[in-house]
Amino acid sequence: MKTVLITGANRGIGLEFVKQYSKAGYQVLATTRTPLEDNELKALSQTQENIKIFSLDVTDEKQIAGLKSMLSGQAIDILIANAGYYGPKDEQGQFGQVNTEEWQKTLLINAIAPLKLIESFVDNVAASKEKKIVVLSSKMGSMSDNNSGGCYIYRSSKAALNAVVKSLSVDLAPQGVKLLSLHPGWVHTEMGGPNALIDTNTSVTGMRKVISKLTKKLSGSFIAYDNQSIGW
Ligand code: NDP
């Protein structure tokens with residue numbers, strides 16, 4: 001049975017990844033900061049034997065190390081670094097009033113934590129059949145697509161994440177590990193808000209197709225849920 005590990009699996013895009021990979025017959029290792037909460041993820045794990053929940057705040061390196069030892073020897077076919085944070089949507093994210101602590105928090109969750117997670121689980125991925133690592137980036141991190149300015153905190157965190165993925169695609173190639181930066185579209189979740197253009201089902205169905213086509217040649221690319229390539 002193939003295995004997928006998903007962070008931020010309790011809601012939004014992460015939860016939809018859990019549903020779809022579980023239905024497709026994968027062993028799903030779903031991580032969340034709130035494993036004891038009564039929510040849809042917990043209910044699903046009680047009816048689907050192939051979903052296991054693990055506690056993980058992605059910014060806590062001790063928790064990452066704890067999970068690493070729990071999953072020692074477990075091959076992970078697809079590692080999905082999905083957990084993410086937008087940062088302040090009010091004036092604290094705007095030029096002139098950018099909140100330094102919020103910026104640091106956002107960089108930690110969106111760019112530093114995925115790298116620390118990948119450092120810890122790369123051997124599990126390298127030991128698997130598929131050998132794939134994908135991160136949930138955003139078109140907002142693209143320089144070439146930025147015609148509207150603003151959003152300093154979120155944009156810079158996803159641009160940093162993209163730089164991390166590009167280097168990893170070079171450094172991990174000898175182990176046969178392939179990487180992708182994914183743009184999920186503008187998705188109807190807590191982060192995406194009520195005006196979003198697509199639902200989680202459309203986004204995740206599309207991204208799963210893109211992930212299934214990930215080859216050595218495509219490693220280090222930035223691709224949207226609808227298979228469109230995105231400029232850096
Ligand atoms: P949501 O805000 O709906 O969900 C975010 C998820 O990340 C939650 O599960 C949340 O857990 C988790 N999370 C946040 N901080 C941490 C942390 N420190 N440790 C562990 N988990 C954490 O977002 P989406 O589902 O919309 O987004 C998923 C990914 O897709 C993100 O990386 C986002 O940046 C990206 N994305 C989303 C877009 C959209 O339109 N929705 C567009 C482009 C990119 P908790 O419930 O505990 O807070």
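Predicted model: local features only at pLDDT ≥ 70, side-chain atom pairs only at ≥ 80, totals over all residues.

Does C151 count as buried, partly exposed or exposed, and why? Select C151, which lies in the loop between β5 and α5 (152–171). Within 10 Å there are 19 C-beta neighbours, and C151 therefore counts as partly exposed; a buried residue would need 20 or more. The phi angle of C151 also deserves attention: its value is near 50 degrees, which is positive although the residue is not glycine. Most residues other than glycine have a negative phi.

**Next selection: K131**

Move to the loop between α4 (100–126) and β5 (132–136), where K131 is found. Here too a residue other than glycine has a positive phi, with a value near 55 degrees. K131 counts as buried because 23 C-beta neighbours lie inside 10 Å.

Select D90 in the loop between β4 (78–81) and α4. D90 has 8 C-beta neighbours inside 10 Å and so counts as exposed.

**Next selection: helices α1 and α2**

Select residues 12–23 for α1 and residues 40–47 for α2. The pairing of two packed helices is described by the angle between their axes and the distance between the axes. For α1 and α2, the axes come within 11 Å and cross at roughly 10 degrees. The two helices are therefore roughly parallel to each other, and the crossing in which α1 passes α2 is left-handed. Show the side chains at this contact: L15, V18 and K19 of α1 meet E40, L41 and L44 of α2. Of the residues in this contact, 4 are nonpolar, 2 are charged and none is polar.

**Last selection: the whole protein**

Finally, display the entire chain as a cartoon. The secondary structure comprises 6 helices and 7 strands, which follow the pattern β-α-β-α-β-α-β-α-β-α-β-α-β along the sequence. The radius of gyration is 17 Å, close to the 17 Å given by the globule rule for 232 residues, so the protein is as compact as a globular protein of that length. The C-alpha trace spans about 50 × 40 × 35 Å along its principal axes. Colour the residues by burial: buried ones make up 42% of the 232 residues. Among contacts with a separation of 6 or more, 66% involve residues 24 or more positions apart.

How values were computed. Residues numbered from 1 in each chain as written. Axes fitted to C-alpha atoms, helices over the stretch in contact; angles between N-to-C directions. Helix = DSSP H or I, 4+ residues; strand = E, 2+ residues; numbered from the N terminus. Parallel < 35°, antiparallel > 145°, perpendicular 65-115°, else oblique. Left-handed = near helix turned anticlockwise from the far one by under 90°. Contact = placed C-beta atoms within 7 Å. Nonpolar A, V, L, I, M, F, W, Y, C, P; charged D, E, K, R; others polar. Buried ≥ 20, exposed ≤ 12 C-beta atoms within 10 Å, placed from the backbone. Rg over C-alpha atoms; globule rule 2.2 N^0.38 Å.
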